[in-house]
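Thanks for making the time this morning; I would like to walk through the packing in one model, and then turn to one of its helices. Please have the sequence and the coordinates open while I talk.

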Amino acid sequence: MKRPEVLVVAGRLAWPIREGYTLRVWHLACELAEGWDVTLLCVAAGQPHESEVPAGIRVVTVPRADDAFATTPAERAAVREKAHHILAERQPQALLVSGG
C-alpha cells in the first residue's frame, strides 16, 4: 500500500539545524515520516548529508550563501515556485506550512 504524501514548507531558514525553529520543523518532519512520505521544502545554507535524513523524508532546498535567519523576498519567491512545482508534480494529500 502506498503511503500518503505531505509537503512541509518551512517559511524560514531550516538547515542547518541550530535553534528552536529549525529543531521544531525537523522533528515535525521526522514524526510525520513515521506514517507519511514527507517532502521538506526549505531555504538552506547547505544541504543535509543523506545520512542525516531519515527514511521517508525528501529534502528540497532553496540555497543561500549565508545562514542569516530571515529569508529574502527572492528566496520566498523561489520557495513558492518550487512548492507549486511539487504540488503539481507529486500531488500530495496534505500540505503543512510552518511560517515560524
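Val25, in this predicted model, touches Ala10, Ala14, Leu40 and Ser98, once residues up to four places away in sequence are not counted. Val25 is also listed, together with Val8, Ala10, Val38 and Ile57, among the residues with the most contacts inside the largest nonpolar core, which has 17 residues. Two or more residues of this core are given by each of β1 (5-15), α1 (20-32), β2 (37-44) and β3 (57-63), and the largest share, 5 residues, comes from α1. There is also a second, separate core of 9 residues, which includes Val60, Val62, Ala83 and Ile86.

Let me go back to Ser98, which lies in strand β4 (residues 94-98). Ser98 counts as buried because its relative accessibility is 11%, where the cut-off is under 20%. Leaving aside neighbours within four places in sequence, Ser98 is in contact with Val9, Ala10, Gly11, Tyr21, Arg24 and Val25.

Now to the helix α2, residues 73-90, whose 18 residues reach 25 Å from the first C-alpha to the last, close to the 26 Å expected at 1.5 Å a residue. Which residues of α2 are buried? They are Glu75, Val79, Ala83 and Ile86, and because they cover an arc of only 80° around the axis, they sit on the same side of α2. On the other side of α2, Pro73, Ala74, Glu81, His84, Ala88 and Glu89 are exposed. After α2 comes Gln91, whose phi is positive, near 50°.

How values were computed:
Residues numbered from 1 in each chain as written. Predicted model: local features only at pLDDT ≥ 70, side-chain atom pairs only at ≥ 80, totals over all residues. Heavy atoms only, no water. Helix = DSSP H or I, 4+ residues; strand = E, 2+ residues; numbered from the N terminus. Expected span 1.5 Å × (residues − 1). Buried < 20%, exposed > 50% of the residue type's maximum accessible area, 1.4 Å probe, protein only. Arc of directions from axis to C-beta. Contact = heavy atoms within 4.5 Å. Core = buried A, V, L, I, M, F, W, Y, C linked by side-chain atoms within 4.5 Å.
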